[in-house]
Amino acid sequence: MIIIHATFYVNPEKREAFLTEIKLLLAGSQAEEGNVYYDLYEHSEKKNVFIMVEAWRDSAAVDIHNATPHFTGFVGKAENFLTAPPDIKVYNAEQA
């Protein structure tokens with residue numbers, strides 16, 4: 001299983017637009033066959049800092065996801081909403 005944490009630092013003035021766009025990404029990603037979970041959370045102490053927590057069956061599922069219109073569409077617009085580049089961490093969690 002591949003686990004990804006993507007932290008987004010959102011411009012407060014663009015918060016609502018970010019949330020609108022990322023809901024499309026969430027819905028599309030959650031419907032993908034290789035998705036285990038795909039959820040967005042806001043930091044409890046830092047307003048407008050969000051983390052996407054996602055898990056995928058395998059690296060092939062991640063590759064498919066990265067080529068989907070909902071993912072590429074969001075990535076193409078992301079810089080319009082953010083104050084810094086996303087901080088993305090990828091973990092390979094082997095199942096027992």
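Predicted model: local features only at pLDDT ≥ 70, side-chain atom pairs only at ≥ 80, totals over all residues.
Phe-18, Glu-21, Ile-22, Leu-24, Leu-25, Gly-28 and Ser-29 in helix α1 meet His-70, Phe-71, Phe-74 and Lys-77 in helix α3. By type, the residues of the contact of α1 with α3 are six nonpolar, three polar and two charged. From there, the tour moves on to the sheet, its hairpin and the record for this chain.

**The helix pair**
- Helix α1 covers residues 15-30 and helix α3 covers residues 69-78.
- The axes of α1 and α3 lie 9 Å apart, and the two helices pack at an angle of about 160 degrees.
- Angles over 145 degrees count as roughly antiparallel, and α1 and α3 are therefore roughly antiparallel to each other.
- Where α1 passes α3, the crossing is left-handed.

**The sheet**
- An open sheet is built from four strands in the order β2-β3-β1-β4, with antiparallel pairing.
- Strands β2 (35-42) and β4 (87-92) are the edge strands, and each of them pairs on one side only.
- From one strand to the next, the twist averages 10 degrees.
- In general, the strands of a sheet pair through backbone hydrogen bonds.

**A helix on the sheet**
- Helix α2 (residues 59-66) packs on the sheet and touches β1 (2-9), β2 and β3.
- The direction of α2 makes about 130 degrees with that of β3.

**Strands β2 and β3 up close**
- β2 and β3 (residues 49-56) run antiparallel and are joined by seven bridges.
- Tyr-37 has Ala-55 in β3 as its bridge partner.
- Glu-42 stands opposite Phe-50 in β3.
- The hairpin of β2 and β3 has six residues between the strands, and in this hairpin Asn-48 takes a positive phi near 70 degrees.

**What the record says**
- An unreviewed UniProt entry lists residues 2-91 as "domain: ABM".
- Over residues 2-91, the chain is 38% helix and 32% strand.
- The end C-alpha atoms of residues 2-91 are 6 Å apart.

Notes:
Residues numbered from 1 in each chain as written. Heavy atoms only, no water. Axes fitted to C-alpha atoms, helices over the stretch in contact; angles between N-to-C directions. Parallel < 35°, antiparallel > 145°, perpendicular 65-115°, else oblique. Left-handed = near helix turned anticlockwise from the far one by under 90°. Contact = heavy atoms within 4.5 Å. Nonpolar A, V, L, I, M, F, W, Y, C, P; charged D, E, K, R; others polar. Pairing = 2+ DSSP bridges. UniProt positions renumbered as here; feature names shortened; annotations may be inferred.
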